[in-house]
Amino acid sequence: MNSNIQKSIFMKRVLSILSATAIATAAFAHPEAGKIIRISTDNTDLILKVGDNGRLYQTYLGPKLLNADDAAGLDWAQYAASDGSVSKRGWEAYSTSGNEDFFEPALGVTHADGNPTTYLYYVDSCETPAEGGVQTNIRLRDDKYPFDVTLHYVAYPKENVIKTWSEIKHQEKKPVTLSSFASAMLYFNEMSYYLTEFSSDWAKEAQMSSQQLQFGKKVIDTKLGSRAAMHTHPFFEIGLNGPVKENSGEVLMGTLGWTGNFRFTFEVDNVGNLRVIPGINPYASNYELKADEVFTTPEFIFTLSYDGSGQGSRNLHDWARKYSLKDGDGSRLTLLNNWENTAFDFDQDILAELMKEAKHLGVDMFLLDDGWFGNKYPRKDDHAGLGDWEVTHDKLPGGIAALVKSANDADVKFGIWIEPEMVNPKSELYEKHPDWVIEQPNRDTYYYRNQLVLDMSNPKVQDYVFDVVDNILTENPEVAYFKWDCNSPITNIYSPYNKDKQGQLYIDHVRGIYNVLKRIKAKYPDVPMMLCSGGGARCDYEALKYFTEFWCSDNTDPVERVYIQWGFSQFFPAKAMAAHVTSWNKNTSVKFRTDVASMCKLGFDIGLKELNADELAYCQQAIANWKHLEPAIMDGEQYRLVSPYESNHAAVEYVDKSKNMGVLFAYNLSPRYKEKLQRVKLQGLDPSKKYRVTEINLMPGTKSKFAQNNKIFSGDYLMKVGLDVFSFAHNTSMVIEISAQ
Ligand code: GLA
């Protein structure tokens, strides 16, 4: 047969198959086929459509469409080869294992009868009002198994943020096994995709790096259990059609609210489309789901910015302060902490002195760190005592009550450090309850920081952890603040409590933590708490429903902090990020260290004796300035103007919501000899207003070298012409107050 005849026979076959498909489709079209579900913010549309086959597909995710007709006209079918010759394959909104998609699914299920496939069909959907936005719930159901998934989306119009999660349940006769359980699935059809990820380690948090995503999968995940974000954080950025830029270009910014193992999968498929699959990491977690048990995934929160990551961050900052962060619209306490100053080496008199120092410095609170507890095994260092949350009598004979009294005498508030999910084997708790600890029954134990993790899946352990806070607050209602630490990953994973459900421990452990945090928040809604995990290894929006702020890093070297804070600020408002002035990197000035910490929730962890008179006066003034500028720094808009990743300098600006008050922080990190100094153009001001620019945070006795000091300019000028705030001296800083006239 010659090749032309072959071709014509083939075409005839194709045509007859296509028309048969069309007839079949017409005959069996799903009653809801063509239904459109539009999840919209003021700027973004996520459009889903019920296909002819009754399954739910994403037809669009991008800038908001102006015409409803356009939204309705989008096709659900995508083609597996770009010329359409292979087969139709939609972007299923929540793709499942065993279907015709062939790429990474959101959900992997083995049904009670062993069948590993799931096909979800649209049932119904509804919209309900939600705080700050609109919630859309979409029910899906398998046609062969009593197996249901409900997709939830909350769209926050003004902040241009969408929050999404899923619920999985069934009524099969026996449990089903879930092998993956993503929160959501998003697709993009662009020419290129660039991932910015945030890798981490102790003292090296939120390090940003970018790469182009090519065919195949890139996975970012963590398997640490607790202290879960030690090596990478639960957020990412994707630049569409180019690397992420600060002020231009389309960027997806996503973050998962989960304080345990998470996984982000980014897969570019055979036709160059990208799918993004955020969720709990199913690592060592095959989940046996019983009939009628609801598996609720964590929330995935995302924004699509069309003006770069700067706008995306501002979207998220606003959303967080309004709808997510604990006491997001409240003020924050400045503080003096003692960890870097005394470590474990203190007594009642030393602490009473430090409280006076806190007052003298001008902060609101003294925060007592690690080392105050344990009697049979006193907490002299990190080898013993965790679990025994009773004051060490020898060290602090008057107990917490005496400390609270000293704080009252000094006229500051009193806060205290705890690490209640952990235990040292050298503790009375471990002696009494070895079965409360995650530990292998038949293998050698691996210790991280000489400690083990309590089994939070055990309700008795949850009660005990709740009691740690409850007892302190019941006995000492004036305790004003907690720093809640978590220094160990889960090692030796095994639950003595839930022996038959080892595959669920990583998940049930995190749920147990939330149970406790919920109870604490319900009973003590107004007590602020700092989330800490050996630095910044816990930094997610689910935990932050219960915490007013998190500790970004034990690394308080101001040079490093410029980068670390730059990284975290992509996703968190300054209000959620605690930063302290310490003696890390003493080669830098106290001014430089304080200016860097002033960009976040300001605190100190330094002995006043280390400061000379000028430095002390400087700090006192800087605290007063910070309090005055709180409406801009804590509650305003942040503009990252000059990136330390792209230059030898850095500059960050904050402007209050009324555009009347702002502050510019400018840093000279490692300028080259006679390099060209960039003039810094401000953002976010009112072009028609006049602003005075004044250098503040000056060391006593020094004169400002700011060329435009005390001058008045229009907002237009400041945003188009800019200010000369950089210089050549390494590791120096300049802080400029911008005040409307
Ligand atoms: C962790 C925290 C520190 C400090 C110590 C105390 O490392 O990150 O800030 O509280 O624990 O042991």
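Modeller: Two strands pair if DSSP finds at least two bridges between them; strands (E, at least two residues) and helices (H or I, at least four residues) are DSSP runs, numbered from the N terminus. This is a predicted model, in which local features need pLDDT of at least 70 and side-chain atom pairs count only at pLDDT 80 or more, while totals for chains, interfaces and linings use all residues. Residues are numbered from 1 along each chain as its sequence is written, and side-chain values use heavy atoms, with hydrogens and water left out.

Colleague: In which order do the eight strands of the barrel follow one another?

Modeller: Strands of a sheet pair through backbone hydrogen bonds, either parallel or antiparallel. Here the barrel closes in the order β21-β22-β23-β26-β27-β28-β29-β30, with parallel pairing. On average, neighbouring strands of this sheet are turned by 30° against each other, direction ignored; axes are lines fitted to C-alpha atoms, for helices over the stretch in contact, and angles run from 0 to 180 degrees between N-to-C directions.

Colleague: Which strands does helix α10 touch?

Modeller: Helix α10 (residues 558-568) packs on the sheet against β28 (549-551) and β29 (577-581), its direction making about 170° with that of β29. Contact means heavy atoms within 4.5 Å.

Colleague: Which residues come nearest to the ligand?

Modeller: A residue is near a molecule if one of its heavy atoms lies within 4 Å of it. Of the 13 residues around the ligand, Asp369, Asp370, Lys483, Asp485 and Asp554 come nearest. A polar contact is a pair of N or O atoms within 3.5 Å; within protein, one must be able to donate a hydrogen and the other to accept it, and residues adjacent in sequence count only if both atoms are side-chain atoms. Ligand oxygen atoms lie 2.7 Å from a side-chain N or O atom of Asp369, 2.8 Å from a polar side-chain atom of Lys483 and 3.1 Å from a side-chain N or O atom of Trp417. The protein buries 96% of the 300 Å² that the ligand exposes when taken alone, by the Shrake-Rupley method with a 1.4 Å probe.

Colleague: Why is one side of β10 and of β13 left without a neighbour in the sheet?

Modeller: The open sheet runs β10-β17-β16-β13 with antiparallel pairing. Because β10 (186-188) and β13 (216-221) stand at its edges, each has a single partner strand. The twist averages 15° from one strand to the next. β10 pairs with β17 (residues 274-280) over three antiparallel bridges, and Leu186 stands opposite Val276 in β17.
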